[in-house]
Amino acid sequence: MKNNPYLLLRFSLFLLLFALVLGVLIAFAYFKKDLWGAYFPFEKLRPMHVSSAIFWILSAAQGLVFYFTKEHFKELSKREWLIKVSQGLWMGSIVWALASFLFGEYGGREYWEYPPIINLPILLSWLCFAAYLYPVVFAKFRSQPVYVWLWSTGTLFFILSFIESNLWMLPWFRENFIRDITVQWKANGAIVGAWNQLIYGLVFYLMTRISGKEDSARSWQAFFFYFLGMANLMFNWGHHTYNVPAASWVRHVAYAISMTEWVFLLNMLYSFRKKLTHAKKLANWVSYHFISAAEVWIFLNLLLALAMSIPAINRYTHGTHIVVAHAMGTTIGINSMILFGALFYIAERSHATLLARFRKWIRAGFLISNISMFVFWLGLIAAGVVKARLMIGENQPFQVAMKAAKPYLLGFSYAGIGLLIGFGLCAILLLRLLRPAHISQVHQHEPDQNKHSNQE
Ligand code: HEM
């Protein structure tokens, strides 16, 4: 039996909806810790939100890589049993992790706070994914475009960094605080670098497919970007381990590499958009808009990162909402926008007519989510600036700073509801579009899509 190519994509959309709802719940719990009952205080809801947000990104990225590699390498269809095992383990582990949170079972580390035993099937699932992909990819590695390289090393480094992030379970790592925290944050930084490789690979894939120009994924700029990404993946931990005694040049080099990567990506996205004909923009209007939004978010996050890297400002930003703005600005503004672009690209190609019928809803979802995200992001930055000024600049207690930051945090929380509505709308429409029975029916008509459009 063939594997359902939409299964993991649909699963990722449910995770996104869950993360969005939890995000709104914890945002309002800022003002009253046990707003949602003593059983679900802020401290318990936060890890649940963060884990489901990370699982949304990883599930959608892996599901999309699976979908597009199958198109790229026809031979992969013979190895589908490995994907079935991989996806079964992955989805089962996530359900197990989220259920553990509901039953109050924690025990893991930052971002992966569910019971650590669940990391075992997660690791196995990624090993199965690698076993599915690598034999076919390695046979033709040298001649591959940059997106295949990004997907391959992204998978490899996810596995290595995920193992590294669990080294704290060994006493030698755990028993020395500095060693422990350094390895932990180095691994977390590299995991982000690895998922970025998977996602940036999707950007290159979309750019070549939409423009029809394969050379953009084989150019020297594309491969320079690839090696920059590899350097970032290996060294960006430098600016995550701010509370570990380390030379400040390490941090600055790490910052510089991360920002150069964004500058390159921005440049490539800009030239891609400039060269695109009106007809191609129109044929892929939803994915084109989400990719363009990601471009704006790369620019905004670059500005924030530049500001945060100035030592005089950097001294104030740690532990404030500015860091949360940086984390959510990138995971929502950049990662999630690109993932939506790729998901809608699939829907746009395989069911253009039905998608056109939803046009005004998709446009509403797109606008609501981006406008809300902007207010959301500004609210976090403003709250961070107020808290930094009062707590670090004037040595005021936490409660005083939180009281002063309250109007901005309220703005952020209401904007979060907007984000829930905007992204929620897009996710629900995608759940309606990415359905196997529905799509397979369309595939039969694909050579004659215009005729099909008229019939619908
Ligand atoms: C695609 C959707 C989302 C993603 C990917 C996402 C991602 C994240 C991440 C990675 C963090 C951890 C930040 C850190 O370590 O500093 C976080 C924390 C948080 N998120 Fe979200 N988030 C999403 C949606 C939302 C929404 C809609 C809200 C509603 C207002 C929200 C509210 C929060 C809050 C309150 C925190 C905790 C911040 C703190 O510890 O002070 N998130 N989110």
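## Contacts of I210

Leaving aside its neighbours within four places in sequence, I210 is in contact with L276, K280, N284, S287 and Y288 in this predicted model. I210 has its place in helix α7. The residue counts as buried because 21 other C-beta atoms lie within 10 Å, and the cut-off for a buried residue is 20 or more.

## Helix α7

Helix α7 covers residues 177-211.

## The nonpolar core

The largest nonpolar core of the model contains 130 residues. Those with the most contacts inside the core are A61, W195, F204, I338 and L343. Which element gives the most to this core? It is α7, with 18 residues. As background, nonpolar side chains in soluble globular proteins tend to be buried together.

W195 is one of the core residues with the most contacts. Apart from neighbours within four places in sequence, W195 is in contact with I57, L58, A61, G154 and F158. A61 is itself on the list of core residues with the most contacts.

## I159 in helix α5

I159 is found in helix α5, which covers residues 146-164. Beyond neighbours within four places in sequence, its contacts are W126, L127 and A130. I159 and Y134 are 25 residues apart in sequence, and their C-alpha atoms are 13 Å apart in space.

## Surroundings of the ligand

The ligand is surrounded by 22 residues, of which the closest are G23, A27, A53, A327 and G416. The elements that give two or more residues to this shell are α1 (7-29), α2 (42-72), α13 (321-350) and α16 (398-433). By type, the shell divides into 15 nonpolar residues, six polar residues and one charged residue.

## Two loop residues with positive phi

Most residues other than glycine have a negative phi. Y111, a residue other than glycine, has a positive phi near 80 degrees. Y111 lies in the loop between α3 (80-102) and α4 (119-139). With 16 C-beta neighbours inside 10 Å, Y111 counts as partly exposed.

N395 also has a positive phi, near 60 degrees, and is likewise a residue other than glycine. Its place is the loop between α15 (359-393) and α16. N395 counts as exposed because it has 7 C-beta neighbours inside 10 Å, and 12 or fewer is the cut-off for an exposed residue.

## Confidence in the model

The protein chain has an average pLDDT of 88, and 94% of the residues score at least 70. Over residues 442-456, the pLDDT is below 50. Beyond near neighbours in sequence, this stretch has eleven contacts in the model.

Key: Residues are numbered from 1 along each chain as its sequence is written. Helices (H or I, at least four residues) and strands (E, at least two) are DSSP runs, numbered from the N terminus. The expected span of a helix is 1.5 Å times one less than its number of residues. A nonpolar core is a set of buried Ala, Val, Leu, Ile, Met, Phe, Trp, Tyr and Cys residues joined through C-beta atoms within 7 Å. Two residues are in contact if their C-beta atoms, placed from the backbone, lie within 7 Å. A residue is near a molecule or strand if its C-beta atom, placed from the backbone, lies within 6 Å of it. Ala, Val, Leu, Ile, Met, Phe, Trp, Tyr, Cys and Pro count as nonpolar, Asp, Glu, Lys and Arg as charged, and the others, Gly among them, as polar. pLDDT is the predictor's confidence in each residue, from 0 to 100.
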